[in-house]
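Good morning, and thank you for coming. I ask you to look at the structure on the screen while I describe a few of its residues.

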Amino acid sequence: MVVLNRIYTRTGDDGTTALGSGERRPKYDLRIAAYGTVDETNAAIGVVRLHLAGSPAVDAMLGRIQNDLFDLGADLAVPEREGKAERLRMLASQVERLERDIDSLNDQLAPLTSFVLPGGAPASAYLHLARTICRRAERLMVELAAQPDEPVNQAGIQYMNRLSDFLFVASRFQNNKGAGDVLWVPGQNR
């Protein structure tokens, strides 16, 4: 259980922040950027949910995703180290659930014949914004994993890769199951 009875601590005034392990890192550290961008993804999804009054199934999916993103932030905030007790880690089952959600929405969509521009319904546009933030978080996580002595849970990377797919499919679903998609017309303005 988390108890926050005081929000400011002043410990970050020196430009550092603590990982869940207690280790202090500069606020510009790649690990901090990775889980901070996961948090940005979560906040963008919160904005999407403001526009889903008529779509309780998608809203419920996004509610589960928001909780998963907190799990991922916790996973990233405590790097896996040999000899240390395991903390909260992302699991393959979370990735699999996301795949089932993608399939359940995608089964209701017509196949794409063009790339889709962000837009259409407000929920769709915000889902595209969340998707682009998610992709940035994934890139940061992959970059972090490529660093020596910076372990990153592979299930977390897979989750973010699937999440960007989910957000794309959900954006089409929210655009009247794809009928309201704004399609790219190559060279239209030449």
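Let me begin with Val116, which touches His128, Phe168, Arg172, Asp181, Val182 and Leu183, leaving aside residues up to four places away in sequence; contact here means heavy atoms within 4.5 Å. This is a predicted model, in which local features need pLDDT of at least 70 and side-chain atom pairs count only at pLDDT 80 or more, while totals for chains, interfaces and linings use all residues. Residues are numbered from 1 along each chain as its sequence is written, and side-chain values use heavy atoms, with hydrogens and water left out.

Val116 belongs to strand S3, residues 116–117 (strands are DSSP runs of E, at least two residues, and helices are runs of H or I, at least four, numbered from the N terminus). With a relative accessible area of 12%, Val116 is buried (under 20% relative accessible area, 1.4 Å probe, protein chains only). Its C-alpha atom is separated by 5.7 Å from that of Val182, 66 residues apart along the chain.

I turn now to Asn175. This residue sits in the loop between helix H5 (154–174) and strand S4 (182–183), and is buried, at 4% relative accessible area. A polar atom of the Asn175 side chain lies 2.7 Å from the backbone nitrogen of Ala121. Among the residues that Asn175 touches are Gly119, Ser124 and Asp181.

Finally, which residues does Leu62 touch, not counting residues up to four places away in sequence? They are Ile45, Val48, Arg49, Leu52, Leu127, Phe166 and Leu167.

Key:
Buried means under 20% relative accessible area, exposed over 50%, partly exposed in between (1.4 Å probe, protein chains only). A polar contact is a pair of N or O atoms within 3.5 Å; within protein, one must be able to donate a hydrogen and the other to accept it, and residues adjacent in sequence count only if both atoms are side-chain atoms.
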